[in-house]
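Please look over the structure shown here, keeping helix directions and surface side chains in mind, before reading the explanation that follows.

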Amino acid sequence: MSQTTSTTPIIFHSAFIATTAFCFICTVVISVGNFVVLFSIYKDPVKNLRNPSSILFTNLVFSDFLTGSLLAPLFSLDSLMDVYGKDSVIIDAIMFILGSLLLFVSNLTITAVSFDRLIAVAKPLYYKSIVTTRKIKIVIALIWILSLFICLLPVFQVPRWLFLLIYSHSHVSVPLVSLTTVYVTIFRKLRKHRKLLQNNSNINDANKENKDNKMSRRMQRDQHLTITIVLVMIFFCTASLPFVVCVHLTTVIDNCPDCFSENTTRTITSVFYFSGRCIILNAALDPFLLILRMSKVRQAVVATFGVRRLVRPRSRITRVAPALSTIYEPDLQLTIH
(Lines give C-alpha, C1' and ligand atoms only; values in the text may rest on other atoms or scores of the structure.)
Protein backbone atom coordinates (compact mmCIF):
# COMPACT_ATOMS: atom_id res chain seq x y z
CA MET A 1 0.00 0.00 0.00
CA SER A 2 1.32 3.41 -0.87
CA GLN A 3 1.82 6.04 1.77
CA THR A 4 2.41 9.69 0.91
CA THR A 5 4.30 11.58 3.56
CA SER A 6 7.04 14.17 3.61
CA THR A 7 9.72 11.45 3.83
CA THR A 8 8.21 8.88 1.43
CA PRO A 9 8.43 9.61 -2.30
CA ILE A 10 5.21 9.58 -4.30
CA ILE A 11 4.75 6.56 -6.58
CA PHE A 12 3.84 7.12 -10.22
CA HIS A 13 0.12 6.61 -10.80
CA SER A 14 0.88 4.43 -13.82
CA ALA A 15 2.65 1.98 -11.49
CA PHE A 16 -0.63 1.46 -9.61
CA ILE A 17 -2.52 0.75 -12.84
CA ALA A 18 0.13 -1.64 -14.20
CA THR A 19 0.35 -3.47 -10.90
CA THR A 20 -3.44 -3.85 -10.70
CA ALA A 21 -3.61 -5.39 -14.18
CA PHE A 22 -0.65 -7.67 -13.45
CA CYS A 23 -2.13 -8.92 -10.18
CA PHE A 24 -5.57 -9.59 -11.69
CA ILE A 25 -4.02 -11.67 -14.47
CA CYS A 26 -1.81 -13.56 -12.01
CA THR A 27 -4.81 -14.28 -9.78
CA VAL A 28 -6.56 -16.15 -12.58
CA VAL A 29 -3.50 -17.92 -13.97
CA ILE A 30 -2.10 -19.00 -10.58
CA SER A 31 -5.44 -20.17 -9.18
CA VAL A 32 -6.50 -22.16 -12.24
CA GLY A 33 -3.08 -23.62 -13.05
CA ASN A 34 -2.28 -24.78 -9.54
CA PHE A 35 -5.83 -26.04 -8.95
CA VAL A 36 -5.54 -28.28 -12.00
CA VAL A 37 -2.27 -29.77 -10.77
CA LEU A 38 -3.38 -29.99 -7.13
CA PHE A 39 -6.69 -31.67 -7.97
CA SER A 40 -4.93 -34.12 -10.30
CA ILE A 41 -2.47 -35.05 -7.57
CA TYR A 42 -5.35 -35.48 -5.10
CA LYS A 43 -7.25 -37.78 -7.46
CA ASP A 44 -4.05 -39.55 -8.58
CA PRO A 45 -5.79 -41.70 -11.21
CA VAL A 46 -2.52 -43.32 -12.30
CA LYS A 47 -1.63 -44.17 -8.65
CA ASN A 48 1.99 -43.02 -8.86
CA LEU A 49 1.99 -39.75 -6.89
CA ARG A 50 2.07 -40.98 -3.30
CA ASN A 51 5.85 -41.23 -2.84
CA PRO A 52 7.76 -38.80 -0.56
CA SER A 53 9.08 -36.66 -3.42
CA SER A 54 5.56 -36.17 -4.77
CA ILE A 55 4.37 -35.07 -1.32
CA LEU A 56 6.99 -32.31 -1.30
CA PHE A 57 5.90 -31.16 -4.75
CA THR A 58 2.30 -31.23 -3.54
CA ASN A 59 3.23 -28.87 -0.73
CA LEU A 60 4.84 -26.53 -3.26
CA VAL A 61 1.74 -26.59 -5.48
CA PHE A 62 -0.51 -26.07 -2.45
CA SER A 63 1.41 -22.98 -1.33
CA ASP A 64 1.29 -21.65 -4.90
CA PHE A 65 -2.47 -22.28 -5.01
CA LEU A 66 -2.94 -20.32 -1.78
CA THR A 67 -0.82 -17.57 -3.32
CA GLY A 68 -3.21 -17.37 -6.25
CA SER A 69 -6.46 -17.74 -4.33
CA LEU A 70 -5.63 -15.58 -1.29
CA LEU A 71 -2.54 -13.41 -1.72
CA ALA A 72 -2.91 -12.38 -5.37
CA PRO A 73 -6.52 -11.15 -4.90
CA LEU A 74 -5.36 -9.06 -1.94
CA PHE A 75 -2.58 -7.62 -4.08
CA SER A 76 -5.16 -6.82 -6.75
CA LEU A 77 -7.51 -5.16 -4.29
CA ASP A 78 -4.70 -3.21 -2.67
CA SER A 79 -3.39 -1.94 -6.01
CA LEU A 80 -6.89 -1.01 -7.15
CA MET A 81 -7.41 0.97 -3.96
CA ASP A 82 -4.11 2.74 -4.58
CA VAL A 83 -5.34 3.75 -8.03
CA TYR A 84 -8.16 5.68 -6.32
CA GLY A 85 -6.00 6.90 -3.45
CA LYS A 86 -7.55 4.67 -0.79
CA ASP A 87 -5.73 3.01 2.10
CA SER A 88 -6.39 0.10 4.48
CA VAL A 89 -4.16 -0.85 7.37
CA ILE A 90 -5.94 -4.19 7.77
CA ILE A 91 -5.26 -5.23 4.16
CA ASP A 92 -1.64 -4.12 4.55
CA ALA A 93 -1.19 -6.30 7.63
CA ILE A 94 -2.86 -9.35 6.08
CA MET A 95 -0.81 -9.00 2.89
CA PHE A 96 2.40 -8.66 4.84
CA ILE A 97 1.85 -11.76 6.99
CA LEU A 98 0.26 -13.96 4.32
CA GLY A 99 2.76 -12.97 1.64
CA SER A 100 5.76 -13.63 3.86
CA LEU A 101 4.32 -16.95 5.03
CA LEU A 102 3.53 -18.38 1.59
CA LEU A 103 6.75 -17.23 -0.05
CA PHE A 104 8.89 -18.61 2.75
CA VAL A 105 7.00 -21.91 2.49
CA SER A 106 7.71 -22.05 -1.25
CA ASN A 107 11.35 -21.22 -0.70
CA LEU A 108 11.88 -23.82 2.01
CA THR A 109 9.96 -26.46 0.05
CA ILE A 110 12.23 -25.95 -2.96
CA THR A 111 15.19 -26.37 -0.61
CA ALA A 112 13.71 -29.58 0.82
CA VAL A 113 13.10 -31.00 -2.67
CA SER A 114 16.69 -30.19 -3.62
CA PHE A 115 18.10 -32.09 -0.64
CA ASP A 116 15.70 -34.94 -1.38
CA ARG A 117 17.23 -35.25 -4.85
CA LEU A 118 20.73 -35.05 -3.37
CA ILE A 119 19.99 -38.02 -1.12
CA ALA A 120 18.44 -39.94 -4.02
CA VAL A 121 21.56 -39.49 -6.13
CA ALA A 122 24.23 -39.78 -3.42
CA LYS A 123 22.62 -42.64 -1.44
CA PRO A 124 20.36 -44.50 -3.89
CA LEU A 125 20.49 -47.78 -1.97
CA TYR A 126 19.47 -46.15 1.31
CA TYR A 127 17.08 -43.56 -0.09
CA LYS A 128 13.86 -45.38 0.83
CA SER A 129 15.04 -45.93 4.40
CA ILE A 130 16.27 -42.34 4.82
CA VAL A 131 13.40 -40.51 3.09
CA THR A 132 10.07 -41.85 4.29
CA THR A 133 6.54 -40.48 4.08
CA ARG A 134 6.46 -39.87 7.84
CA LYS A 135 9.72 -37.89 7.77
CA ILE A 136 8.54 -35.83 4.82
CA LYS A 137 5.33 -34.91 6.64
CA ILE A 138 7.39 -33.81 9.64
CA VAL A 139 9.60 -31.70 7.37
CA ILE A 140 6.55 -30.06 5.80
CA ALA A 141 5.11 -29.27 9.25
CA LEU A 142 8.45 -27.71 10.27
CA ILE A 143 8.51 -25.67 7.05
CA TRP A 144 5.14 -24.10 7.85
CA ILE A 145 6.04 -23.47 11.51
CA LEU A 146 9.40 -21.89 10.65
CA SER A 147 7.84 -19.77 7.92
CA LEU A 148 5.17 -18.53 10.33
CA PHE A 149 7.84 -17.61 12.87
CA ILE A 150 9.91 -15.69 10.31
CA CYS A 151 6.95 -13.72 8.98
CA LEU A 152 6.07 -12.68 12.54
CA LEU A 153 9.53 -11.23 13.24
CA PRO A 154 8.25 -7.61 13.08
CA VAL A 155 5.99 -8.45 16.02
CA PHE A 156 9.16 -9.00 18.06
CA GLN A 157 10.29 -5.42 17.34
CA VAL A 158 12.60 -6.33 14.47
CA PRO A 159 13.16 -3.15 12.41
CA ARG A 160 11.32 -3.06 9.09
CA TRP A 161 14.47 -2.42 7.04
CA LEU A 162 16.22 -5.38 8.67
CA PHE A 163 13.25 -7.64 8.06
CA LEU A 164 13.10 -6.58 4.40
CA LEU A 165 16.79 -7.42 3.99
CA ILE A 166 16.29 -10.84 5.62
CA TYR A 167 13.17 -11.40 3.56
CA SER A 168 14.72 -10.45 0.24
CA HIS A 169 18.07 -12.22 0.64
CA SER A 170 16.40 -15.41 1.85
CA HIS A 171 14.65 -15.53 -1.53
CA VAL A 172 17.69 -14.90 -3.73
CA SER A 173 21.13 -14.83 -2.11
CA VAL A 174 20.74 -17.81 0.23
CA PRO A 175 19.14 -20.13 -2.39
CA LEU A 176 21.69 -19.17 -5.03
CA VAL A 177 24.61 -20.00 -2.75
CA SER A 178 23.33 -23.05 -0.88
CA LEU A 179 21.22 -24.71 -3.57
CA THR A 180 23.80 -24.11 -6.29
CA THR A 181 26.23 -26.10 -4.16
CA VAL A 182 23.65 -28.87 -3.83
CA TYR A 183 22.99 -28.99 -7.58
CA VAL A 184 26.69 -29.03 -8.44
CA THR A 185 27.10 -31.99 -6.09
CA ILE A 186 24.14 -33.78 -7.67
CA PHE A 187 25.44 -33.37 -11.21
CA ARG A 188 28.92 -34.48 -10.16
CA LYS A 189 27.43 -37.64 -8.65
CA LEU A 190 25.44 -38.28 -11.81
CA ARG A 191 28.54 -37.83 -13.96
CA LYS A 192 30.47 -40.21 -11.71
CA HIS A 193 27.70 -42.82 -11.99
CA ARG A 194 27.61 -42.37 -15.76
CA LYS A 195 31.36 -43.01 -16.04
CA LEU A 196 31.01 -46.09 -13.86
CA LEU A 197 28.22 -47.32 -16.09
CA GLN A 198 30.32 -46.80 -19.21
CA ASN A 199 33.26 -48.69 -17.70
CA ASN A 200 31.05 -51.65 -16.86
CA SER A 201 29.36 -51.72 -20.27
CA ASN A 202 32.19 -53.83 -21.73
CA ILE A 203 31.37 -56.78 -19.47
CA ASN A 204 29.05 -59.29 -21.16
CA ASP A 205 26.67 -60.48 -18.50
CA ALA A 206 22.89 -60.69 -18.88
CA ASN A 207 22.15 -59.93 -15.21
CA LYS A 208 24.64 -57.09 -15.17
CA GLU A 209 23.15 -55.68 -18.36
CA ASN A 210 19.71 -55.59 -16.74
CA LYS A 211 21.12 -53.83 -13.69
CA ASP A 212 22.95 -51.34 -15.87
CA ASN A 213 19.76 -50.59 -17.81
CA LYS A 214 17.86 -49.96 -14.59
CA MET A 215 20.66 -47.74 -13.31
CA SER A 216 20.74 -45.83 -16.60
CA ARG A 217 16.98 -45.20 -16.47
CA ARG A 218 17.19 -44.08 -12.85
CA MET A 219 20.04 -41.70 -13.67
CA GLN A 220 18.07 -40.19 -16.54
CA ARG A 221 15.03 -39.78 -14.30
CA ASP A 222 17.07 -38.17 -11.51
CA GLN A 223 18.78 -35.81 -13.92
CA HIS A 224 15.47 -34.82 -15.53
CA LEU A 225 13.86 -34.14 -12.16
CA THR A 226 16.90 -32.23 -10.90
CA ILE A 227 16.80 -29.94 -13.94
CA THR A 228 13.11 -29.35 -13.22
CA ILE A 229 13.92 -28.28 -9.66
CA VAL A 230 16.71 -26.02 -10.92
CA LEU A 231 14.23 -24.31 -13.26
CA VAL A 232 11.75 -23.85 -10.40
CA MET A 233 14.51 -22.24 -8.31
CA ILE A 234 15.55 -19.99 -11.21
CA PHE A 235 11.95 -18.81 -11.66
CA PHE A 236 11.66 -18.17 -7.93
CA CYS A 237 14.91 -16.17 -7.71
CA THR A 238 14.23 -14.26 -10.93
CA ALA A 239 10.81 -13.17 -9.69
CA SER A 240 12.35 -11.97 -6.41
CA LEU A 241 15.52 -10.35 -7.82
CA PRO A 242 13.99 -6.94 -8.73
CA PHE A 243 12.55 -6.71 -5.22
CA VAL A 244 15.98 -7.41 -3.68
CA VAL A 245 17.62 -4.69 -5.75
CA CYS A 246 14.89 -2.18 -4.90
CA VAL A 247 15.10 -2.98 -1.19
CA HIS A 248 18.74 -1.92 -1.18
CA LEU A 249 18.05 1.17 -3.28
CA THR A 250 15.20 2.32 -1.06
CA THR A 251 17.41 1.77 2.00
CA VAL A 252 19.94 4.14 0.42
CA ILE A 253 17.17 6.63 -0.31
CA ASP A 254 15.96 6.53 3.30
CA ASN A 255 19.47 7.17 4.62
CA CYS A 256 20.42 9.70 1.95
CA PRO A 257 17.35 11.50 0.53
CA ASP A 258 19.51 13.89 -1.55
CA CYS A 259 21.56 11.19 -3.27
CA PHE A 260 19.08 10.87 -6.16
CA SER A 261 16.98 13.32 -8.09
CA GLU A 262 13.26 13.49 -7.42
CA ASN A 263 12.35 11.76 -10.69
CA THR A 264 14.90 8.97 -10.10
CA THR A 265 13.63 8.51 -6.57
CA ARG A 266 10.03 8.23 -7.78
CA THR A 267 11.09 5.75 -10.45
CA ILE A 268 12.93 3.55 -7.96
CA THR A 269 10.02 3.69 -5.53
CA SER A 270 7.54 2.82 -8.27
CA VAL A 271 9.63 -0.16 -9.40
CA PHE A 272 9.91 -1.21 -5.76
CA TYR A 273 6.12 -1.09 -5.47
CA PHE A 274 5.63 -3.23 -8.58
CA SER A 275 8.45 -5.67 -7.74
CA GLY A 276 6.85 -6.35 -4.37
CA ARG A 277 3.90 -7.86 -6.27
CA CYS A 278 6.02 -9.42 -9.01
CA ILE A 279 7.29 -12.03 -6.53
CA ILE A 280 4.13 -14.08 -7.17
CA LEU A 281 5.11 -14.60 -10.82
CA ASN A 282 6.88 -17.89 -10.12
CA ALA A 283 3.62 -19.32 -8.70
CA ALA A 284 2.06 -18.75 -12.13
CA LEU A 285 4.89 -20.55 -13.94
CA ASP A 286 5.37 -23.53 -11.59
CA PRO A 287 2.27 -25.58 -12.57
CA PHE A 288 3.06 -25.36 -16.28
CA LEU A 289 6.66 -26.33 -15.62
CA LEU A 290 5.62 -29.35 -13.56
CA ILE A 291 3.16 -30.50 -16.23
CA LEU A 292 5.72 -30.16 -19.01
CA ARG A 293 8.71 -31.60 -17.15
CA MET A 294 7.22 -34.28 -14.88
CA SER A 295 5.60 -37.18 -16.72
CA LYS A 296 3.75 -38.43 -13.63
CA VAL A 297 2.08 -35.07 -13.09
CA ARG A 298 1.28 -34.78 -16.78
CA GLN A 299 -0.27 -38.26 -16.83
CA ALA A 300 -2.37 -37.42 -13.77
CA VAL A 301 -3.63 -34.18 -15.33
CA VAL A 302 -4.45 -35.90 -18.62
CA ALA A 303 -6.27 -38.77 -16.89
CA THR A 304 -8.13 -36.55 -14.40
CA PHE A 305 -9.56 -34.08 -16.90
CA GLY A 306 -10.72 -36.61 -19.48
CA VAL A 307 -8.08 -36.13 -22.14
CA ARG A 308 -7.40 -39.87 -21.95
CA ARG A 309 -10.72 -40.44 -23.77
CA LEU A 310 -9.06 -39.14 -26.90
CA VAL A 311 -6.58 -42.06 -26.73
CA ARG A 312 -7.83 -45.63 -27.19
CA PRO A 313 -6.59 -47.70 -24.21
CA ARG A 314 -5.03 -51.08 -24.77
CA SER A 315 -7.12 -53.97 -23.47
CA ARG A 316 -5.86 -56.84 -21.39
CA ILE A 317 -6.29 -59.28 -24.27
CA THR A 318 -4.27 -56.97 -26.50
CA ARG A 319 -1.40 -57.03 -24.02
CA VAL A 320 -1.55 -60.79 -23.46
CA ALA A 321 -2.15 -61.96 -27.02
CA PRO A 322 -1.56 -59.21 -29.57
CA ALA A 323 -1.97 -61.55 -32.55
CA LEU A 324 -5.36 -62.82 -31.32
CA SER A 325 -6.57 -59.32 -30.58
CA THR A 326 -5.63 -58.21 -34.07
CA ILE A 327 -7.70 -60.96 -35.66
CA TYR A 328 -10.79 -60.35 -33.50
CA GLU A 329 -10.39 -56.62 -32.94
CA PRO A 330 -13.99 -55.72 -33.95
CA ASP A 331 -15.45 -58.19 -31.45
CA LEU A 332 -13.10 -57.13 -28.66
CA GLN A 333 -14.06 -53.50 -29.05
CA LEU A 334 -17.69 -54.47 -28.46
CA THR A 335 -17.03 -56.45 -25.32
CA ILE A 336 -14.11 -54.69 -23.60
CA HIS A 337 -14.49 -51.24 -22.08
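Angles under 35 degrees count as roughly parallel, over 145 as roughly antiparallel, 65 to 115 as roughly perpendicular and the rest as oblique. This is a predicted model, in which local features need pLDDT of at least 70 and side-chain atom pairs count only at pLDDT 80 or more, while totals for chains, interfaces and linings use all residues. Residues are numbered from 1 along each chain as its sequence is written, and side-chain values use heavy atoms, with hydrogens and water left out.

The axes of helix α10 (residues 281-293) and helix α11 (residues 295-304) come within 5 Å and cross at roughly 100°, and α10 and α11 are therefore roughly perpendicular to each other. Here helices are DSSP runs of H or I with at least four residues, numbered from the N terminus, and axes are lines fitted to C-alpha atoms over the stretch in contact, with angles from 0 to 180 degrees between N-to-C directions. Where the two meet, Leu290, Ile291, Leu292 and Arg293 of α10 face Ser295, Val297, Arg298 and Val301 of α11 in contact (heavy atoms within 4.5 Å).

Helix α1 (residues 13-43) has 31 residues and spans 45 Å from its first C-alpha to its last, close to the 45 Å expected at 1.5 Å a residue, the expectation being 1.5 Å times one less than the number of residues. Just after α1, Asp44 adopts a positive phi of about 45°.
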